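Subject: Handover of a structure and the findings on it

Dear colleague,

Please find below the structure that I am passing on to you. My findings follow it.

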Amino acid sequence: FWRNLGGFDLTFQGYCNYENILAKFRTFFDNPVNQAAGCTNTAEQELNILLGGSDIDAAIKSICKESVDNFDSLDFDDIPRAGPDFVREYYNGNTEWNEEH
């Protein structure tokens with residue numbers, strides 16, 4: 001997941017939802033360097049302001065959809081970065097990946 005929110009990026013792995021976005025934003029926001037002088041908002045209040053303050057669910061859905069739409073895709077053969085022979089051998093049970101638990 002990646003999203004630019006007003007001059008900073010949030011990047012994380014995992015499900016794109018409000019809880020995960022808030023957790024990552026809280027890490028960013030809790031650093032005093034990232035807070036305006038005199039700001040008394042909590043991370044949750046500040047995130048809600050950045051998301052428009054009204055329909056947070058719609059804003060989160062839009063952010064998550066945009067992130068997926070802008071994510072580069074890979075061909076299945078490119079996932080292991082080892083080519084189609086690796087994929088064939090994987091399906092046949094002949095790779096080190098088959099031995100890992």
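The largest nonpolar core has 16 residues, and those that touch the most other members are Tyr18, Ile21, Phe25, Leu47, Leu51 and Ile60. A nonpolar core here is a set of buried Ala, Val, Leu, Ile, Met, Phe, Trp, Tyr and Cys residues joined through side-chain atoms within 4.5 Å. Buried means under 20% relative accessible area, exposed means over 50%, and partly exposed lies in between (1.4 Å probe, protein chains only). At least two residues of this core come from each of helix H1 (18-29), helix H2 (43-50) and helix H3 (56-69). Helices (H or I, at least four residues) and strands (E, at least two) are DSSP runs, numbered from the N terminus.

Please note that this is a predicted model, in which local features need pLDDT of at least 70 and side-chain atom pairs count only at pLDDT 80 or more, while totals for chains, interfaces and linings use all residues. Residues are numbered from 1 along each chain as its sequence is written, and side-chain values use heavy atoms, with hydrogens and water left out.

Helix H1

H1 has 12 residues and reaches 15 Å from its first C-alpha to its last, close to the 16 Å expected at 1.5 Å a residue; the expected span is 1.5 Å times one less than the number of residues. Its buried residues are Tyr18, Ile21, Leu22, Phe25 and Phe29. Seen down the axis of H1, these fall within an arc of 95°, so they line one face of the helix. The arc is that of the directions from the helix axis to the C-beta atoms. The buried residues of H1 pack against S2, H2 and H3, whereas the face turned away from them carries the exposed residues Glu19 and Thr27.

Helix H3

With 14 residues, H3 reaches 20 Å from its first C-alpha to its last, close to the 20 Å expected at 1.5 Å a residue. Ile56, Ala59, Ile60, Ile63, Cys64 and Ser67 are buried in H3. They line one face of the helix, because seen down its axis they fall within an arc of 130°. Asp57, Lys61, Lys65 and Val68 are exposed on the other side of H3. Ile60 touches Asn17, Tyr18, Ile21 and Leu51, not counting residues up to four places away in sequence; contact means heavy atoms within 4.5 Å.

Lys65 and Asp69 are 4 residues apart in helix H3, so about one helical turn separates them. At 52% relative accessibility, Lys65 counts as exposed.

Cysteines

The structure holds 1 disulfide, a disulfide being a pair of cysteine sulfur atoms within 2.5 Å. Cys16 is joined to Cys64, with an S to S distance of 1.8 Å. The link is left-handed, with -80° about the S-S bond. It connects distant parts of the chain, since Cys16 is in the loop between strand S2 (9-11) and H1 and Cys64 is in helix H3, 48 residues apart. Cys64 counts as buried, at 11% relative accessibility.

Cys39 is placed in the loop between H1 and H2. At 25% relative accessibility, Cys39 counts as partly exposed. Leaving aside residues up to four places away in sequence, Cys39 touches Phe29 and Glu46.

Yours sincerely
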